[in-house]
Amino acid sequence: MEKQLEEICSRLDEALLEYLNLISNYQENWQQISKDLEGAFMQLAHAKYTMGPGRLTQDQYDGRMQAATRMYKYIR
């Protein structure tokens, strides 16, 4: 009986450590995405400032520009 309790506790500890590791990875990824978005908005603001009072639309973007990352939507 005591051996089973120790095994259950060990499994719970492993699951908790994995969960905490996943949360840590999530937070690191979130911080990186936030930094990337902040940089992108600053670049867009700078482009709008340097182009003058007219609006910067997608028609004025450089045609060679491509997405650095692709996002996929998970559908169940």
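A word on helices before we start: here a helix is a DSSP run of H or I, at least four residues, numbered from the N terminus. With that in hand, take Tyr26 and Trp30. Both sit in helix H1. They are four residues apart, about one turn of the helix.

One caution: this is a predicted model.

Now the overall picture. The protein has one helix and zero strands. Helix H1 covers residues 2-50. The protein has 76 residues, and 1% of them count as buried.

How many aromatic pairs does a search of the whole structure find? One. The pair is Tyr26 with Trp30, and the ring centres are 6.3 Å apart. How are the two rings arranged? Their planes meet at 25 degrees, so the pair counts as stacked. The cut-off for stacked is under 30 degrees. Are Tyr26 and Trp30 buried or exposed? Both are exposed.

Next, the surface patch. Which residues make the nonpolar patch? Leu16, Leu17, Tyr19 and Leu20. Together they give a nonpolar surface patch of about 430 Å².

Let me pick out Leu20. Leu20 lies in helix H1, the helix that also holds Tyr26 and Trp30. The relative accessible area of Leu20 is 44%. Exposed needs over 50% and buried means under 20%, with partly exposed in between. Leu20 is therefore partly exposed.

To recap: one helix, zero strands. Happy to take questions.

How values were computed
Residues numbered from 1 in each chain as written. Predicted model: local features only at pLDDT ≥ 70, side-chain atom pairs only at ≥ 80, totals over all residues. Heavy atoms only, no water. Patch = residues over 30% accessible without salt bridge, like charges linked within 9 Å, V, L, I, M, F, W, Y side chains within 5 Å. Areas by Shrake-Rupley, 256 points an atom, 1.4 Å probe, with all protein chains shown as cover. Salt bridge = Lys/Arg side-chain N within 4 Å of Asp/Glu carboxyl O. Helix = DSSP H or I, 4+ residues; strand = E, 2+ residues; numbered from the N terminus. Buried < 20%, exposed > 50% of the residue type's maximum accessible area, 1.4 Å probe, protein only. Phe/Tyr/Trp six-rings, centres within 6.5 Å; stacked < 30°, edge-to-face > 60°.
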